[in-house]
Amino acid sequence: MHVERLGIHDSVSAVFPPERLCEALADLHPEVVVVDDAAAISACDAVVTFAHEEAFLDLEWIHSIQAGYDRFPLPELEDRGIVLTNSTGIHGDSVGETVLGYMLGVSRRLQQYARQQERREWDKPDWDVPFTLAGESVCVVGLGTLGRGIADRADAIGMTVTGVRRSEEPVEGVDRVYASEDLHEAISGVRFVALATPLNEHTRGLIGEAELAAMDEESYLINVARGGVVDQDALVAALEDGEIRGAALDVFETEPLPEESPLWGFEEVTVTPHVAAFTREYYEGVAGIVRTNLERIAADGTFENRVV
Ligand code: NAD
């Protein structure tokens, strides 16, 4: 593969200005340009993008600025011999801090006070509602970049951290690791369940009616993975029936979350607009992976974070 012209697709503006990434890669050999239509895309050999476009199917390499790659047509890319790489590895700090924030928001009642402030209301919670995270428990499902970012922070603040991964191999900072088959056992009896797996055929609907029933009535579900990992109707029913106490959700089956969704209305549900990984350094992390891959293409034709 030889990359003479690298396009930065305009869709990355969902997360950062494309020009920032162009500037960060300006010293490299391939010409780096912002592209926004099929003609400009077809003049490139490779593209860095947020969204998928049909015009990418004539290129040699696509780099996704997200860790998730569920929006790309993997079989078609494979058939056509197009390389797809992703941006896993750069979101541990941002998503880890966001999840710590969700948990602190619940334990220290910060969301409740923010809502009250909007109404100029001075109101204290019942004495037995606030708690501290120290001594509480979180089960992190998926122990990759995101999962470890969450686990490290939970461990540092004094929580008991358990996790679920495909094998039971131990992970630093995680007190007990369960295999995927033991999901129900892992998520029962903990205060927080945090989802950090990719969305794929094995994880679609991973958390449904039975799993929500297995969770503790005082527990909270945190989803920073993808909306499809949770059966959203089952989640709404579990919240309405008091099967779990609340949730913090960054990702949804349909995004933006439709105005009529009941999820907006629960006191104990925090809704964020798929921004758990947002940080003004985001483009620098992407630039690092793209730079490494351009070097590796020139050296031995291999790729970091290759998906297809
Ligand atoms: P990663 O590849 O580093 O980690 C994913 C981990 O999940 C891997 O360790 C994998 O073995 C594990 N896994 C897969 N299936 C599993 C299963 N059934 N049970 C338990 N573990 C399983 O990826 P990452 O960077 O940590 O990102 C994970 C996912 O989170 C992405 O695919 C993306 O969809 C999502 N994500 C969301 C945001 C956001 O802004 N909310 C940001 C980054 C990533």
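This is a predicted model: local features need pLDDT of at least 70, side-chain atom pairs count only at pLDDT 80 or more; totals for chains, interfaces and linings use all residues.
User: How many residues does the contact take from domain 1 and from domain 2?
Analyst: Contact here means heavy atoms within 4.5 Å. Domain 2 gives five residues to the contact, and domain 1 gives seven residues.

User: What area do domain 1 and domain 2 bury between them?
Analyst: The size of an interface is often given as the accessible area lost when the parts come together. For domain 1 and domain 2, 44% of the buried area is on carbon and sulfur atoms. The area buried between the two domains is about 490 Å².

User: Which residues in domain 1 lose the most area to domain 2?
Analyst: Three residues together account for 55% of what the domain 1 side buries. They are Asp-70, Gly-89 and Ile-90.

User: Which residue forms a salt bridge with Asp-70?
Analyst: The count between domain 1 and domain 2 is one salt bridge. A salt bridge needs a side-chain nitrogen of Lys or Arg within 4 Å of a carboxyl oxygen of Asp or Glu. The closest N and O atoms are 3.1 Å apart, and the partner of Asp-70 is Arg-226.

User: How do the residues of the side of domain 1 that touches domain 2 divide into nonpolar, polar and charged?
Analyst: Three residue pairs are in polar contact between domain 1 and domain 2. On the domain 1 side, the residues divide into one nonpolar, five polar and one charged.

User: Which residue has a polar side-chain atom 2.7 Å from an oxygen atom of the ligand?
Analyst: Of the 25 residues around the ligand, those that come nearest are Thr-88, Thr-145, Leu-146, Arg-166 and Asp-250. Thr-145 has a polar backbone atom 3.0 Å from an oxygen atom of the ligand. The polar side-chain atom at 2.7 Å belongs to Arg-166.

Terms used: Residues are numbered from 1 along each chain as its sequence is written. Side-chain values use heavy atoms; hydrogens and water are left out. Buried area is the accessible area (1.4 Å probe) that two parts lose on being put together, summed over both. A polar contact is a pair of N or O atoms within 3.5 Å; within protein, one must be able to donate a hydrogen and the other to accept it, and residues adjacent in sequence count only if both atoms are side-chain atoms. Ala, Val, Leu, Ile, Met, Phe, Trp, Tyr, Cys and Pro count as nonpolar, Asp, Glu, Lys and Arg as charged, and the others, Gly among them, as polar. A residue is near a molecule or strand if one of its heavy atoms lies within 4 Å of it.
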